[in-house]
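Subject: Structure handover

Dear colleague,

Here is the structure I promised to pass on. My notes on helix packing and the ligand site follow it.

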Amino acid sequence: MLAAPIHPLDTKGRPIILIGLMGCGKTTVGKALSKRTGMPLLDTDAIIEEQIGCPIPQIFAEKGEAHFRALETALLRYLLQNPTPNPSIISTGGGIVVRPENRRLLRMLGFTVWLNVSINALLVRTARSVNRPLLQNTDRRAVFERLDAERRPFYQESAHLWLEASTMDVNTVAVRVCEEAEKFFAAF
Ligand code: S3P
């Protein structure tokens with residue numbers, strides 16, 4: 001079978017960053033973007049887990065959410081100060097926008113895209129999730145309603161592009177992101 005063609009993107013050495021609530025498709029879209037552009041995919045949650053040597057639910061349970069948020073800030077600062085030789089697609093944890101400093105860092109780091117997805121779609125997509133501490137033993141709809149109300153302005157502040165992605169299929173989202181990234185970086 002022939003490999004899918006790669007559509008390289010000149011991002012001037014900067015990453016494309018995906019933000020949005022849990023289940024909005026950051027990882028899935030990140031994979032599609034990575035395949036399309038040939039850019040490697042990084043995941044802030046996975047990097048933190050590897051650095052600390054334990055899974056996120058354990059970090060939350062043992063050190064608390066505030067500690068996890070501080071790790072996210074440290075990672076964003078590091079990525080800004082140490083650009084990788086190959087620009088990447090970066091998928092982030094849904095709460096990375098909660099800290100004001102992170103919102104500023106996200107805008108400076110590269111082209112940041114908010115995947116805006118309806119609560120109904122988020123509930124379907126996270127129905128089988130067992131590794132998200134904020135969704136354990138709780139009324140998931142109420143959690144999503146609260147997080148959506150709290151974080152919507154933060155995603156809007158952090159992102160260069162707001163994409164309504166509730167019904168769009170993953171490849172359409174990836175193509176749209178590439179088109180908009182091309183325009184953004186052309187003016188960089
Ligand atoms: C969180 C989202 C998770 C992970 C952690 C906290 C949040 O990432 O960072 O469980 O606060 O919304 P995903 O958005 O990839 O599920």
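Helix H4 (residues 65-81) packs with helix H5 (residues 100-109) at an angle of about 25 degrees, their axes being 10 Å apart. Axes are lines fitted to C-alpha atoms, for helices over the stretch in contact, and angles run from 0 to 180 degrees between N-to-C directions. Helices are DSSP runs (H or I, at least four residues), numbered from the N terminus. H4 and H5 are therefore roughly parallel (angles under 35 degrees).

The model is predicted: local features need pLDDT of at least 70, side-chain atom pairs count only at pLDDT 80 or more, and totals for chains, interfaces and linings use all residues. Residues are numbered from 1 along each chain as its sequence is written, and side-chain values use heavy atoms, with hydrogens and water left out.

On the H4 side, Arg 69, Glu 72, Thr 73, Leu 76, Arg 77, Leu 79 and Leu 80 meet Glu 101, Asn 102, Leu 105, Leu 106, Met 108 and Leu 109 of H5 (contact: heavy atoms within 4.5 Å).

Helix H3 (residues 56-63) packs against H4 at about 125 degrees, with axes 7 Å apart. Ile 56, Ile 59, Phe 60 and Lys 63 of H3 meet Glu 65, His 67, Phe 68, Arg 69 and Leu 71 of H4.

The ligand is surrounded by 15 residues, the closest being Lys 26, Arg 69, Gly 94, Arg 132 and Arg 151 (a heavy atom within 4 Å). Polar side-chain atoms lie 2.5 Å from a ligand oxygen atom in Lys 26 and 2.6 Å in Arg 132 (polar contact: N or O atoms within 3.5 Å).

Regards

Note on methods. Helices (H or I, at least four residues) and strands (E, at least two) are DSSP runs, numbered from the N terminus. Angles under 35 degrees count as roughly parallel, over 145 as roughly antiparallel, 65 to 115 as roughly perpendicular and the rest as oblique. A polar contact is a pair of N or O atoms within 3.5 Å; within protein, one must be able to donate a hydrogen and the other to accept it, and residues adjacent in sequence count only if both atoms are side-chain atoms.
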